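I opened a notebook to record what I looked up in this structure. The entries below are in the order I made them.

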Amino acid sequence: MIVLTLIFLLLGLALVAGGAWLLSLGGSPYYLLAGAVMLVVAILVRKRRTRARQLYALFLTGTFIWALWESGFDWWPLATRLGLFLILAIPLLLAQRQARSGVGLLLSVWGLVALGTLASMLVDNHQQKGSLSAQVKVANPNLGDDMGNDWPAYGRTNLGQRYSPLDQITPANVARLELAWQYQTGDRKGPGDIGETTYEATPIKIGDSLFLCTPHNWLVALGADKGEKRWVFNAKVGPEQQRQHQTCRGVSYLPPASGEPIQALVQQAPSESLAAVACDAQLFLPTSDARLIALDPATGARCSNFANDGELDLTHNMPFKQPGYYYSTSPPLVAKGLVIVAGSVNDNYAVDSPSGVIRAYDARSGALVWNWDSGNPDKTVPLAPGETYTTSSPNSWSVASADERLGLAYFPMGNRTPDQLGMYRTPAEEKYATSVVALNLDDGQVAWVRQFIHHDLWDMDTPAQPVLVDLNTTNGMVPALVVPTKQGDVYVLNRRNGEPLHAITEQPAPQGTQIPGDFTAPTQPSSALNFKPAKLREADMWGASPLDQLWCRIQYRSLNYQGQYTAPSTQGTLVYPGNFGVFNWGSVAVDPRRQVMFGMPLYLAFVSKLVPKDGASLGPTNQGEHGLNANAGAPMQWT
């Protein structure tokens with residue numbers, strides 16, 4: 001009895017203390033009341049009173065009703081709210097020294113509550129049933145150039161559809177697929193690497209060869225049929241603690257001018273030791289130390305015709321060149337004889353950072369053809385030596401798309417760093433941040449821009465490759481562009497002019513910011529097609545037991561949260577969806593024949609906190625995107 005008394009006593013004290021704290025923050029009174037009941041039960045158990053079981057039976061009944069009211073008939077919320085209390089009823093029922101009266105009542109209630117909780121497993125409250133029509137709606141959809149059996153670009157073509165017309169694998173036989181081969185790259189995280197060292201590559205396939213890159217910028221050529229290694233090029237990228245990401249999402253391909261298929265050779269010697277050769281076809285490898293390397297697909301040798309023996313230094317004309325602050329993690333866009341390179345600029349590291357400029361080079365020679373800088377958007381002629389791009393201007397770190405028939409390239413745009421501080425932005429930077437921009441392939445001039453967040457204070461960069469698909473509408477076939485966003489909107493635009501095909505409305509947004517000289521936008525755009533989650537409630541807070549549920553509720557009530565687009569604060573702001581996004585760089589896929597989009601929305605909440613620089617040491621900074629970042633030159637740090 002002493003042990004049982006102690007268990008109820010400690011649980012009661014924890015629930016009373018935490019429940020009182022939660023109630024003082026405006027939260028649910030349940031936990032305070034539950035704690036008080038646990039303390040009374042502890043006293044009654046200690047005194048061997050029969051009312052202990054009666055009171056506990058009443059408590060279980062009330063908790064079951066409360067749990068149903070908060071979460072509905074749903075297994076996981078019910079099980080986590082009731083599980084611990086159902087377990088505690090067992091020793092109370094079996095206590096030998098306790099008078100046996102009250103056993104029947106508690107046992108009956110326990111059985112009904114347990115049965116009700118278990119029965120909720122039979123109800124799936126989260127399944128959304130749907131069906132796809134088997135009828136082909138578009139007989140000859142625009143799939144881009146005829147790729148045959150190949151997958152030569154990140155999204156198969158520059159349209160970014162991620163759709164293959166091949167039909168050997170079907171719903172009838174997909175369950176019988178077996179492993180044909182696997183290959184270990186051997187590239188592993190090292191002791192000098194940053195925390196976000198990740199494998200994010202999508203291979204491309206040309207002929208009978210696969211080409212992929214690894215986090216440390218090895219370009220690996222494999223046989224597509226058997227997975228045998230043909231050659232590996234190691235860009236020899238050294239560790240750099242100031243990078244936020246150590247990754248490579250893919251490489252790009254320039255077909256041979258001759259039209260002849262590439263002939264892949266099995267290379268025994270490391271390809272980086274080979275002499276540079278004149279290349280017909282070319283692979284382009286972006287590196288995390290801000291280089292663009294052109295390689296021969298057949299051998300992995302550098303291409304002597306491109307830039308400096310196959311290597312282009314992307315820090316040229318940058319206003320600032322801090323090591324690790326600028327690099328490309330996504331494959332460049334190859335279109336209309338150009339290789340177009342954008343880049344990632346570290347979030348929240350410094351006010352004075354490299355530019356987010358997008359640059360188009362001649363794909364054969366590496367000569368700069370045009371540059372588009374969102375901080376100086378009208379000047380697209382190549383800068384002269386000694387000139388510099390705009391400091392910290394909004395960048396495009398994800399994958400771009402292109403429609404060569406229209407002569408346009410489409411870039412998902414990020415934000416100006418520091419991402420959570422808006423007082424540094426110029427009107428041009430405000431216009432192009434967190435948007436998609438269409439640039440003319442010939443000269444880099446802006447054709448149109450569509451913004452998805454006004455005055456972004458949440459690092460909600462447009463993260464995903466725009467998907468180009470011709471849509472069958474009541475007005476006939478329309479060249480469309482589909483852009484999924486971190487905040488859950490999916491924008492469907494006419495890719496000729498950026499006009500919406502699904503309505504876009506302006507919705508009121510939470511107001512107020514604690515940043516001197518800054519502001520919040522009064523409204524934010526919202527697409528009629530969206531996967532936005534409902535506003536979080538205290539009842540949505542998760543925990544495996546009532547104690548960690550209580551702690552999560554306290555944290556929720558302690559944070560600044562008025563719904564989506566609540567401004568960052570020194571108190572700490574709950575950002576939901578967080579800036580990992582409902583959608584991120586994985587984008588979506590479309591079936592242009594059936595006019596169907598496939599996506600995988602995710603829902604994670606983040607906490608954004610501004611930390612004033614008052615001279616106190618707060619530990620190490622710039623340890624990754626989601627640690628404490630210094631915002632050098634700004635009055636506040638961010639975490």
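The entries cover the ground rules, the core, a surface patch, salt bridges, strands and some backbone details.

**Ground rules.** I noted that this is a predicted model, in which local features need pLDDT of at least 70 and side-chain atom pairs count only at pLDDT 80 or more, while totals for chains, interfaces and linings use all residues. Residues are numbered from 1 along each chain as its sequence is written, and side-chain values use heavy atoms, with hydrogens and water left out.

**Nonpolar core.** I looked up the largest nonpolar core and found 37 residues in it. Such a core is a set of buried Ala, Val, Leu, Ile, Met, Phe, Trp, Tyr and Cys residues joined through side-chain atoms within 4.5 Å. Buried means under 20% relative accessible area, exposed means over 50%, and partly exposed lies in between (1.4 Å probe, protein chains only). The residues with the most contacts inside this core are Phe-8, Leu-15, Met-38, Tyr-56, Phe-59, Leu-60 and Phe-85. I then listed the elements that give two or more residues to the core: H1, H2 (30-46), H3 (51-71), H4 (75-94), H5 (103-119) and H7. Helices (H or I, at least four residues) and strands (E, at least two) are DSSP runs, numbered from the N terminus. H2 gives the largest share of this core, nine residues.

Leu-6 belongs to helix H1 (residues 2-24), and Leu-6 is partly exposed, at 44% relative accessible area.

**Salt bridges.** How many salt bridges does a search of the whole structure find? I got 20. The test is a side-chain nitrogen of Lys or Arg within 4 Å of a carboxyl oxygen of Asp or Glu.

- Lys-336 and Asp-442 meet at 3.0 Å, N to O. Lys-336 is in the loop between E10 (333-335) and E11 (338-341) and Asp-442 in the loop between E17 (435-440) and E18 (446-451), so the pair ties together parts 106 residues apart in sequence. Lys-336 is partly exposed at 42%, and Asp-442 is exposed at 57%.
- Arg-495 and Asp-470 meet at 2.8 Å, N to O. Arg-495 is in the loop between E21 (490-494) and E22 (504-508), and Asp-470 is in E19 (residues 467-473), 25 residues apart. Both Arg-495 and Asp-470 are buried.
- Glu-538 and Arg-553 have their closest N and O atoms 2.7 Å apart. Glu-538 is in the loop between E23 (523-527) and H7 (546-558), while Arg-553 is in H7. Glu-538 is buried at 6%, and Arg-553 is buried at 0%.

Glu-538 and Arg-553 are also part of a salt-bridge network with Glu-70, Arg-81 and Arg-557.

**Strands.** I found an open sheet of four strands, E1-E2-E3-E4, with antiparallel pairing. E1 (204-206) and E4 (229-234) stand at the edges with a single partner strand each, so one side of each has no neighbour in the sheet. Two strands pair if DSSP finds at least two bridges between them. Three bridges join E1 to E2 (residues 209-213), and Lys-205 has Leu-210 in E2 as its bridge partner.

I next checked E13 (residues 358-362), where four of the five residues are buried. Four bridges join E13 to E11, antiparallel, and four join E13 to E14 (residues 368-372), also antiparallel. In the hairpin of E13 and E14, Gly-366 takes a positive phi near 85°.

**Backbone details.** Which peptide bond ending at Pro-418 is cis? I found that it runs from Thr-417, with omega near 0°. Pro-418 is in the loop between E16 (408-412) and H6 (427-432). The bond from Tyr-576 to Pro-577 is cis as well. Asn-217 has a positive phi near 60° without being a glycine, and Asn-217 is buried at 0%.
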